[in-house]
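Please consult the sequence and the structure shown here while reading.

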Amino acid sequence: MTASQASAAQARNTWRNWAGNQVVDDVDVVTPRTTSEIAPLLARAAADGRHVRPIGSSHSFTAIGAPRDVQLRLDRLDRVRHADTATGLVTVEAGIRLHQLNRALDALGLALANLGDIDAQTVAGAISTGTHGTGATYGGIATQVRALRLALPDGTELTCSETEHPEVFAAARVGLGALGVVIEVTLQTVPAFGLHAVERGDTLEAFLERFDDDCASTDHVELYWFPHTRRVLTKHNTRIAPDPDALRPLSRRRAWWDDEFLSNTVFGGLLAAGRRAPALVRPLARVSASALGDREFSDVSHRVFASPRRVRFEEMEYAVPREHGLDVLRELVRVVERSDWRIAVPVEVRVAAADDIALSTASGRDTLYVAVHTAPGSRDRDAYFGALEAIAGDVGGRPHWGKLHGLDADALRGRYPRFAEFTALRDRLDPGRVLANDHLDHVLGP
């Protein structure tokens, strides 16, 4: 063992993702202490004919992070390397979790312009799989990236941006961990801001009628439809000044009641009851639809964007052209209502602006996202997920890279005009497929 090898913590382990639906036994796990250890590690693996997969928080539902030989954990690479409050440019190590980054930015008077509703992911994992939030004029987290530093399988490092290796930058922002290991990320942050949140129950029909108007007039709009009902929960978040004296956050008691007790403890109990007695799912869905009361509050942005998610589930999410989005949702509603399925988890609907990233789900088009979920092991999962996949496929839908789907490289090539650009870059940067696994071979080609 070389001195460089010895400096990284190593172990053999069983890996499973957050949802528990992906498991790999007897994995070599390496946890580097510094970014400089990674490129030599990849070169050694290439020489030995071994494959390496980087992993963040294991929050993807697919096997995108599943290792063949070696798993590269980035947990210890969690520092803010540089922050310029004048320009808002902040450089961080790839393994920093979003909730850690949010707190660090808050202390600097800065914030990410948009976030998803889970903040457990690492920065590298979030951008590499296309994690996004909601907002008709806002893109996913990858659109906030201004530079990346990659460790490559040939043992070198490469920095890319709009002016330095721009062809790599165009693809590596949503790189699936297939082009190189992201070791540092430079993000364009914005001055800290607050969000005024209004959450209301409504009927599905009423909200769909005004959905486009709401998305045009409100910064961040989100919809949850409760299957087997005509009820929805709507979330409208409007950006405001972060004046501590003007913000009206939820009381600790109300936050615990809504976000921990109802959304996690009670909801988890409802899912468990539905698994034991499937006939209860539809009446329990009506209980769920009415359990969360209306609320209005304001707080710093990251505390409003993200919520704790402690109940395990499995998820599929499709990105469809914005102009077809509501028709996709309406058809999904019709299919669920005609079925004998028992779906206990709400359907989530969000929007995002078009971007210019090769394999972003919003590449080249304004987008509406429809996400469906089931309890782990649900007997209806395959039929339910298959229905969304077929409906979305009719309008060129693109699956979220970190969520379950059934498409292979041939099908995905037809959904992404720049697919060949990405795979050609993969051939150049990782010709020996050191970073490959079975899942990447399936979705990108072997």
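## Basis of the description

Two strands are taken to pair if DSSP finds at least two bridges between them. The model is predicted.

## Strand S4 and its parallel partners

Strand S4 covers residues 70-73. With strand S2 (residues 23-31), S4 is joined by 3 bridges, and the two run parallel. Within this pairing, Val 30 is placed opposite Leu 72 of S4. Strand S3 (residues 52-55) is likewise parallel to S4, the two being joined by 4 bridges. Here Val 52 has Val 70 of S4 as its bridge partner.

In a regular strand, side chains alternate between the two faces of the sheet. In S4, Val 70 and Leu 72 point one way, while Gln 71 and Arg 73 point the other way. Which of these residues of S4 are buried? All of them are: Val 70, Gln 71, Leu 72 and Arg 73.

## The hairpin of S5 and S6

Strand S5 (residues 80-83) pairs with strand S6 (residues 89-93) in the antiparallel sense, over 3 bridges. Opposite Val 80 stands Val 92 in S6. The hairpin has 5 residues between its strands, and Gly 88 adopts a positive phi near 80°.

An open sheet is formed by 8 strands in the order S15-S12-S14-S13-S17-S18-S16-S19, with antiparallel pairing. Strand S15 (295-300) and strand S19 (398-399) are at the edges; each has a single partner strand, so one side of each lacks a neighbour in the sheet.

Within this order, strand S13 (residues 220-225) and strand S14 (residues 231-240) are paired over 6 bridges in the antiparallel sense. Leu 223 has Thr 234 of S14 as its bridge partner. Helix H11 (residues 381-393) lies across strand S16 (314-321), strand S17 (347-352) and strand S18 (367-374), and runs at about 10° to S16.

## Packing of helices H6 and H10

How do the directions of H6 and H10 compare, and at what angle do their axes cross? The axes of helix H6 (residues 204-217) and helix H10 (residues 322-338) come within 12 Å and cross at roughly 165°. Angles over 145 degrees count as roughly antiparallel, and H6 and H10 are therefore roughly antiparallel to each other. Their crossing is right-handed.

On the H6 side, the contact involves Leu 204, Leu 208, Phe 211, Asp 212 and Cys 215; these meet Arg 322, Leu 326, Leu 329, Arg 330 and Val 333 in H10. By class, this contact of H6 with H10 comprises 7 nonpolar, no polar and 3 charged residues.

Notes. Residues are numbered from 1 along each chain as its sequence is written. This is a predicted model: local features need pLDDT of at least 70, side-chain atom pairs count only at pLDDT 80 or more; totals for chains, interfaces and linings use all residues. Side-chain values use heavy atoms; hydrogens and water are left out. Axes are lines fitted to C-alpha atoms, for helices over the stretch in contact, and angles run from 0 to 180 degrees between N-to-C directions. Angles under 35 degrees count as roughly parallel, over 145 as roughly antiparallel, 65 to 115 as roughly perpendicular and the rest as oblique. A crossing is left-handed if the near helix is turned anticlockwise from the far one by less than a right angle, and right-handed if clockwise. Contact means heavy atoms within 4.5 Å. Ala, Val, Leu, Ile, Met, Phe, Trp, Tyr, Cys and Pro count as nonpolar, Asp, Glu, Lys and Arg as charged, and the others, Gly among them, as polar. Buried means under 20% relative accessible area, exposed over 50%, partly exposed in between (1.4 Å probe, protein chains only).
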